[in-house]
Amino acid sequence: MPLKAYGVLITRAVDTRREGAVDTPHYQIHLTDDQGVHYRAAVNVLSQERPSELLYLVDEDFRHPVTARLAGLGSGWNPLPPGPGGPNLDFVRGNLFDPAKMRTLPPDAPGADDDLADILDHYVRRAVADPDARLYVFGERFGPESRVKDKVFGFLPGNGIHDIHMNQGNSRKFRGDDGVWQDGGILIHFPGQDRWVGIFLAFQSQAWHTDDVTGHALEDVEGNRPEPDSLPVRIVAALVNPRGPAPEAETVTLLNASPDPVDLTGWRIGDRLGQKSPVPTGPLAPGACLVVPLGADGAQLGNHGGEITLLDAKGLKAHGVSYTKDQAAREGWSVVF
């Protein structure tokens, strides 16, 4: 079953603590909300399963429609109901980043800027120093424990958030935590710079092709995680806001980047809510582009930002992109990815 208490914690960062590289180490963050309630974010920096080093990706200029969906949420804990449409994170369906760009680091090492705790410290410490910065921490709530002090920072009641990482495609040992639209992560907003930083973590043992209902790893699927430059067919542009009255003639442009033709029979374009439009059947020649019309009854590209996913004939994600409201604002212009 999925996480019992998934949501996003909106707070200020006030302190941090490293736990080294023994047992099940975490990078600990002391947080407070606008009402003065204290929380602890326990961020995994080492896996219990081999390979033990975590995958990580930091986007220093994170631009995605999820940031707009967070507007209006209050400081403190915000439970998020399951499913698409809200500000929930999903590493597979949300097109938050390119998984092929994730890298591994040890949890703790003697030098500077050479381990995962160093990476986290670099960004969280900047947020601690900026009184206007806010952390949006996604994961599962624990506490409050009215009679138990926090074991790291000593505040009472003990209270916080964990599972701040990918929460689907798990191995059998942790399969019970699988779900969709419930992945963890950290978004840091620096209002003075009008900038968001996204920090995303995953275990190497997790699969990146997962069931759309359960989040379980799909069996007999090659490629646990995309390799750099390995995707033959990619979404390279989309006409999100065409000129003229509704219904607008929205299109998505595909490119076959490989040296071989790719048969697109049975392929589809999907939006965030799971609506799909068919891709014209037949082979796409090497280096060729194909403009796919979406029509009124399939995938819809909203002008307030959205996600576009390319699915192959087996229904597996072949590629995915996202765009923001600002990118969609220019009528008649294609968004280029």
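Visitor: Which is Pro278, buried or exposed?
Guide: This is a predicted model: local features need pLDDT of at least 70, side-chain atom pairs count only at pLDDT 80 or more, and totals for chains, interfaces and linings use all residues. Residues are numbered from 1 along each chain as its sequence is written, and side-chain values use heavy atoms, with hydrogens and water left out. Buried is under 20% relative accessible area, exposed over 50%, partly exposed in between (1.4 Å probe, protein chains only). Pro278 has 60% relative accessibility, so the label is exposed.

Visitor: And which strand holds Pro278?
Guide: Pro278 touches Trp267, Arg268 and Val292, leaving aside residues up to four places away in sequence; contact here is heavy atoms within 4.5 Å. Gly295 is 17 residues along the chain from Pro278, with 9.6 Å between the C-alpha atoms. As for the strand, residues 276–278 make up the one with Pro278, namely β15.

Visitor: How many helices and strands does the chain have?
Guide: Elements are DSSP runs numbered from the N terminus: helices are H or I of at least four residues, strands E of at least two. On that count, the chain has two helices and 20 strands.

Visitor: What is the radius of gyration of the chain?
Guide: The C-alpha atoms fill a box of roughly 65 × 45 × 40 Å along the principal axes, and 52% of the 337 residues are buried. The globule rule gives 20 Å for 337 residues, and the chain comes close to that, so it is as compact as a globular protein of that length. The radius of gyration itself, taken over C-alpha atoms (the rule being 2.2 Å times the number of residues to the power 0.38), is 21 Å.

Visitor: How far is Arg18 from Val279, C-alpha to C-alpha?
Guide: Arg18 is in strand β1, residues 6–18, and is partly exposed at 32% relative accessible area. Beyond four places away in sequence, Arg18 touches His26, Tyr27, Asp108, Asp115, Ala117 and Asp118. Val279 is 261 residues along from Arg18, and their C-alpha atoms are separated by 49 Å.

Visitor: How are the rings of Phe91 and Trp208 arranged, stacked or edge-to-face?
Guide: Phe, Tyr and Trp rings (Trp by its six-membered ring) pair with centres within 6.5 Å; planes under 30 degrees apart are stacked, over 60 edge-to-face, the rest tilted. Seven aromatic pairs turn up by this rule. Phe91 and Trp208, with 6.2 Å centre to centre and 20° between the planes, are stacked.

Visitor: How many residues apart are Phe91 and Trp208?
Guide: Both Phe91 and Trp208 are buried. Phe91 sits in the loop between β5 (76–79) and β6 (103–105), and Trp208 in the loop between β10 (195–202) and β11 (233–239). The pair thus links distant parts of the chain, with a separation of 117 residues.

Visitor: What is phi of Trp181?
Guide: Trp181 lies in the loop between β8 (158–162) and β9 (185–190) and is buried at 5% relative accessibility. For a residue other than glycine, Trp181 has a positive phi, near 55°.
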